[in-house]
Amino acid sequence: MIRWLAAFFIAILALPVAAQDTMPPAPYAYSQLDNPQLEAEAAALMHTLRCIKCQSQSIADSDAPMAGDMRHQVRSRILAGESPDEIRRWLIARYGDYVSYEPEVSATTWPLFAVPVLIVLVVAGVLLRRLGQRRGSSEGQSS
Amino acid sequence: MTAEIGLAALWLAAALAVLQMVSGAFALRAAEGEVNALAIYARPAAVVQAFLAVLAFIMLLYAFATTDLSIKLVASNSHSMKPMLYKLTGTWGNHEGSMLLWVGVLALSGGLLAGFEKRLPERTMGATLAVQGFVALGFYAFLLLSSNPFERLPVPAAEGIGLNPLLQDIGLAIHPPTLYAGYVGLSVAFSLAMGALLTNQVNPAFARVLRPWVLGAWVLLTFGITAGSYWAYYELGWGGWWFWDPVENASLMPWLAATALMHSVSVLAARDALRTWTIMLGVLAFSMSMLGTFLVRSGVLTSVHAFAVDPERGAFILGLLLLYIGGAFTIFALRAGAVAEGKRFAVASREGALVFNNVMLSAILAIVLLGTLYPLLTEAFDVRVSVGPPYFNPASAIFAVPMFLVMAVGPLLRWKSDKPARLQIELGLIAALVIGTIVLVSFFGQFPLLPLLGLGLAAALAVAAFMPLRGRKLWRVPVATWGMVLAHFGVAVSLFGMACEGAFSQERLAAVAPGGTEQIGDFSVTLQSVTPVAGPNWTAIEARLAISESGGEPVILYPQARSFWSPPMSTSESALLTRWDGQLYAVIGNQAEDGRWQIRVWWKPFVTFIWYGGLLIALGGVLAIAGRVKVDVKRRTASTKGAERRADLEALGASPAPAE
């Protein structure tokens, strides 16, 4: 809940080294695109990108200067006609998989997809065993 | 002196926990109906221990209230200039203090159980108290050996460092104690479950003893999560109300388990079915509480909750976690076979629906657990993975959608066995509401799938929640049933709020010069002025925003950007305009070079319903407790009266037939 705090702590600690903190934020960090459709596209994308300086926050809800810069990148690239997927790929190439909340199956993330499938199977199994065999048969297991 | 009294009380309490554990264990060696001579100390030990642990906490509270800077914990977490309220809440705004609160609540609930619960057989009670003492002992050891809250400084500090400004808020004054009380209430459920398992007493009588604890813990967790969500919403300044942050998940997981446990206990109490399932959920719920404590307190998350970046503490809690959870599941595995089979039931029955939904809740729990722990796991191998809303939302919806559908129908089914054909009209109405709402809403625009489904389900659930009352005389419906109706309706209300927030929110971010106006939805927002203001331990710039709805009389909002000086930090204080159909959320940001101010405004239709729903759910739980207590008291007075009458008759020498 309080990932803000971590962001601020880090921002404060980083003050002497991060010259960007003293610079004014980029134009699209805190203002929207004029075209509502493009802005909606940008907003949807921003909600799935991680503010890498923060604790569990997307760049769409962080005050960290870095999140502002990334918002500017997303909006200006959308305005320049790039697709959200291209922008995501560009950001991943720059910051690594960590920057994207959108899950993608890869060598490191496959259990995130395999386990839910497994859970579905286990759930189906448990329900069939607990509920299914009661029909008719009196040899039902206890619950 | 206060610190020394507190520390001494803690050591004594730890010693009593040992006595409680040993004495309780001796109860197991007593034959049926007899009392072991060594088993009589368990109850008094638990009661005195509760007094001592609470005393220790009060001592710490007093040290914070008087800002006793010779105590290390006070010096590093408080400040003499803080308002009194936040001095007090600062007591649990840090690692040691919050663990002391945890242990205090644990001892208090153990004391209440020992002092007031007379319905259980002595052997079961002894085993329960032994387990409770064993759990308490581990946490006393953790406090005393690695997180002593009463440590003195060699030289008292001149001034304290202060409390994290984000925590200086009324939301945080109530959120952690409520959650902790909920977590720890589940410890009693755990101890009772283990006690019943060890003495083979898993039956409806045991379920009736267990139920108020589970309900109470569940109400507190519900309330704590609701308060925490609202706090995050208004305090973090971007209008988000749930982030799937590990710390939030840490409170959600015990809630999911407790929700399943609560339903399971009701089935056990009413129908004597789902015996092992209830015990397993009891173990699971407290395991999740401890896991939550571990995640938040060990430093694995390096978030604000994890002040302890000290691996020793993390390892200690992990050890406790493995000991208790591992031990509990081992006993469960060894003893579960001995628990006799409960009553059977058909698929289409109320029990069947409850089993289905308990399995769904457990599956959602598994998804949240996986998504929370997986990034930690890969980080250990230096691979950083982000798991966030785009993962959690669809993955949990897979199980949540069928769960909500069954939840609409379940309460209409009869116990044991029912024919779905009997409910044709109701089923048709529910299906029509889901489909009709989705079609109707899609007619007005393109919306994401999940909010759309949420709207459909919310409409159906809201109507279905009241269906169990159909054809009944309303004044004769038991209070507990009203509780269920209200809680289920609360789920619909909350779901409606979430779906509306997801589908219809509007956002306006802009740089505005004083005097400038921005439009959002039906509202026009005028920045009238920006002025500096000062508080007790902060300074701020405050914007004066005139909000006018469709050209009507303007309302003034005052969002602030605060700068605290000890510790130095800035926070956004959002200003909210609450209407019955939503909230306008305004934040003031920085000043741009050209003198304009960044303002952020959101119009969030029906967002408040999320928390109204949460409160309704909690209120439903309170009604359920009240209803059960009423019935229990009635039953008890009836049985005492009956016993008196029998005694009177015997005294008269009539010796009647032993009729119950």
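View 1. A459(B) is buried, as 23 other C-beta atoms lie within 10 Å (buried means 20 or more other C-beta atoms within 10 Å of a residue's own, exposed means 12 or fewer, partly exposed is in between, and C-beta atoms are placed from the backbone). You'll find A459(B) in helix α15 (residues 449-466) of chain B; helices here are DSSP runs of H or I with at least four residues, strands are runs of E with at least two, and both are numbered from the N terminus. Leaving out residues up to four places away in sequence, A459(B) touches L433(B) and T437(B), where a contact means C-beta atoms, placed from the backbone, within 7 Å. A459(B) and F496(B) sit 37 residues apart in sequence, yet their C-alpha atoms are 7.7 Å apart in space.

A word on the model and its labels: this is a predicted model, where local features need pLDDT of at least 70 and side-chain atom pairs count only at pLDDT 80 or more, while totals for chains, interfaces and linings use all residues. Residues are numbered from 1 along each chain as its sequence is written, with chains lettered from A and ligands numbered from 1 in the order in which they are written.

**View 2. The whole of chain B, for orientation.** Chain B has 17 helices and 10 strands. Its radius of gyration is 27 Å, close to the 26 Å that the globule rule gives for 660 residues, so chain B is as compact as a globular protein of that length (the radius is taken over C-alpha atoms, and the rule is 2.2 Å times the number of residues to the power 0.38). The C-alpha trace spans about 95 × 75 × 55 Å along its principal axes. Of the 660 residues, 53% are buried.

**View 3. Helices α7(B) and α8(B) side by side.** Helix α7 (residues 170-198) of chain B packs on helix α8 (residues 204-235) of chain B at an angle of about 155°, with the axes 8 Å apart. Axes are lines fitted to C-alpha atoms, for helices over the stretch in contact, and angles run from 0 to 180 degrees between N-to-C directions. α7(B) and α8(B) are therefore roughly antiparallel (over 145 degrees; under 35 is roughly parallel, 65 to 115 roughly perpendicular, and the rest oblique).

**View 4. Helix α5(B) against α7(B).** The axes of helix α5 (residues 95-116) of chain B and α7(B) come within 9 Å and cross at roughly 45°, so the two are oblique to each other. Residues of α5(B) at this meeting include W102(B) and L106(B), and those of α7(B) include Y180(B) and V184(B).

View 5. Strand β2 (residues 517-520) of chain B runs antiparallel to strand β3 (residues 523-534) of chain B, and four bridges join them; strands count as paired when DSSP finds at least two bridges between them. E518(B) has V525(B) in β3(B) as its bridge partner. Two residues lie between the strands, and G521(B) takes a positive phi near 55°.

**View 6. The four-stranded open sheet.** The strands of chain B come in the order β1-β10-β9-β8, with antiparallel pairing. β1 (506-512) and β8 (575-579) of chain B stand at the edges with a single partner strand each, so one side of each has no neighbour in the sheet. Strand β9 (residues 582-591) of chain B and strand β10 (residues 597-605) of chain B pair over eight bridges, and Q591(B) has W597(B) in β10(B) as its bridge partner.

Conventions
Two residues are in contact if their C-beta atoms, placed from the backbone, lie within 7 Å.
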